[in-house]
Amino acid sequence: MTDDDLRDIDTSKPHSARMYDYYLGGKDHFEVDEQAAEAVAFTWPGVFVCARENRAFMHRATRVLAREHGIGQWLDIGTGIPTEPNLHQVAQSVLPQARVVYVDNDPLVLKYAERLMRSSPEGRTAYVEADVTDPGTLLDRVTATGVLDLSRPVALSLNAVLHFVTDAADPYGIVARLLGTLPSGSALALSHGTPDFDPETVARIKEIYTRSGTGMQLRTKAEVARFFDGLDLLEPGIEVGHRWRPNPAGADTTEEPTDAEVSLWAGVGIKP
């Protein structure tokens, strides 16, 4: 990456998207991100498992929505630095005509957005820079891409992003605003960090992120379930990430993680 590429990127403090890249074994982060991520990992070694399982949930939820519900459009907010297979690659493996708009607020993601644009010939993808805490501007920019037809069902993907939105920013109102723009048959696919399994460790992790300049609010199962108010939850409802429709026995040879290692509630709901 050149100096010109770095000009608009604040490398003086860590960013959650770049820390997530580190947890996934990526290389698109800076020393400040690695130091913060290592502090989290020292406190909670399971963070690497959590990141992988969050990614795996996204893959499974995307396939279910495309294959079983015929949804062919996605609005993925909190995209993060591209890690293959990206959401559009998963969706287009089921529906080649699938369309995806990615959204993130980290300028670094824009530098790698070309990876997010490698659509199938039949489908379309786009990337916009916006912040989930400003849903009005976000929706305006998404609409301006012309990629999504908001008269047809859209899957709203909010994976591991809302625990960076504190109650002061009204996360429930944000989700309601986003879903309110989408028609019947649309979906919400969401994963969210929780203190339910190891509250002491999670409290220390929250402190690390807060000291790094990133607000964090982990939520209980009941609090995560509120995001799905008014939606029809798909089976098995709100579950720990790796337990939401896991791959068939034998499909994954890795040892099953513990709930405390994952510490994510996940679910998918359909708008009536």
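Reader: Which residues in H3 meet which residues in H9?

Author: Ala 36, Ala 39, Val 40 and Thr 43 of H3 meet Thr 201, Arg 204, Ile 205, Ile 208 and Tyr 209 of H9. "Meet" means contact, that is, heavy atoms within 4.5 Å. The residues of this contact divide into 6 nonpolar, 2 polar and 1 charged. Here Ala, Val, Leu, Ile, Met, Phe, Trp, Tyr, Cys and Pro count as nonpolar, Asp, Glu, Lys and Arg as charged, and the others, Gly among them, as polar.

Reader: What do these values rest on?

Author: This is a predicted model, in which local features need pLDDT of at least 70 and side-chain atom pairs count only at pLDDT 80 or more, while totals for chains, interfaces and linings use all residues. Residues are numbered from 1 along each chain as its sequence is written, and side-chain values use heavy atoms, with hydrogens and water left out.

Reader: What makes a stretch a helix or a strand here?

Author: Both are DSSP runs, numbered from the N terminus: helices are H or I with at least four residues, strands are E with at least two.

Reader: Why are H3 and H9 called roughly antiparallel?

Author: Their axes cross at roughly 170° and come within 9 Å. Axes are lines fitted to C-alpha atoms, for helices over the stretch in contact, and angles run from 0 to 180 degrees between N-to-C directions. Under 35 degrees counts as roughly parallel, over 145 as roughly antiparallel, 65 to 115 as roughly perpendicular, and the rest as oblique. H3 and H9 are therefore roughly antiparallel.

Reader: Why does the pair H7 and H8 get another label, roughly parallel?

Author: Helix H7 (residues 135-145) packs on H8 at about 30°, with the axes 10 Å apart. That makes H7 roughly parallel to H8. Pro 135, Gly 136, Leu 138 and Leu 139 in H7 meet Ile 174, Arg 177 and Leu 178 in H8. By class, the residues of that contact are 5 nonpolar, 1 polar and 1 charged.

Reader: What makes the crossing of H7 and H8 right-handed?

Author: A crossing is right-handed if the near helix is turned clockwise from the far one by less than a right angle, and left-handed if anticlockwise. The crossing of H7 and H8 is right-handed. H4 also passes H5 in a right-handed crossing.

Reader: Which residues join H4 to H5?

Author: Met 58, His 59, Thr 62, Arg 63, Ala 66 and Arg 67 in H4 meet Leu 87, Val 90, Ala 91 and Val 94 in H5. They divide into 6 nonpolar, 2 polar and 2 charged. The helices, H4 (residues 47-69) and H5 (residues 87-94), pack at about 35° with axes 9 Å apart.

Reader: Why is H2 called largely enclosed?

Author: Of its 8 residues (16-23), 7 are buried, so H2 is largely enclosed by the rest of the structure. Buried means under 20% relative accessible area, exposed over 50%, partly exposed in between (1.4 Å probe, protein chains only). The buried residues are Ser 16, Ala 17, Arg 18, Met 19, Asp 21, Tyr 22 and Tyr 23. They pack against H3, H4, H6 and H9. Gly 25, with a positive phi near 85°, follows H2.

Reader: How do you know that Asp 170 and Arg 245 are partly exposed?

Author: Asp 170 has a relative accessible area of 42%, which makes it partly exposed. Arg 245, at 26%, is also partly exposed. Asp 170 lies in the loop between strand S4 (155-159) and H8. Its phi is positive, about 60°, although Asp 170 is not a glycine. Arg 245 lies in the loop between S7 and helix H11 (259-262). Arg 245 has a positive phi of about 45° and is not a glycine either.

Reader: What makes a set of residues a nonpolar core, and which residues have the most contacts in the largest one?

Author: A nonpolar core is a set of buried Ala, Val, Leu, Ile, Met, Phe, Trp, Tyr and Cys residues joined through side-chain atoms within 4.5 Å. The largest has 54 residues, and Leu 75 and Leu 188 have the most contacts inside it. Helix H8 (residues 171-180) gives the largest share, 5 residues. Another core, of 31 residues, lies apart from it, including Leu 65, Ile 71, Trp 74 and Tyr 102.

Reader: What does Leu 188 touch?

Author: Beyond four places in sequence, Leu 188 touches Leu 156, Leu 158, Val 175, Leu 179, Phe 227, Phe 228, Leu 231, Gly 267, Val 268 and Gly 269.

Reader: Where is the cis peptide bond at Pro 236?

Author: The bond runs from Glu 235 to Pro 236, with omega near 10°. Pro 236 lies in the loop between strand S6 (232-233) and strand S7 (239-240).
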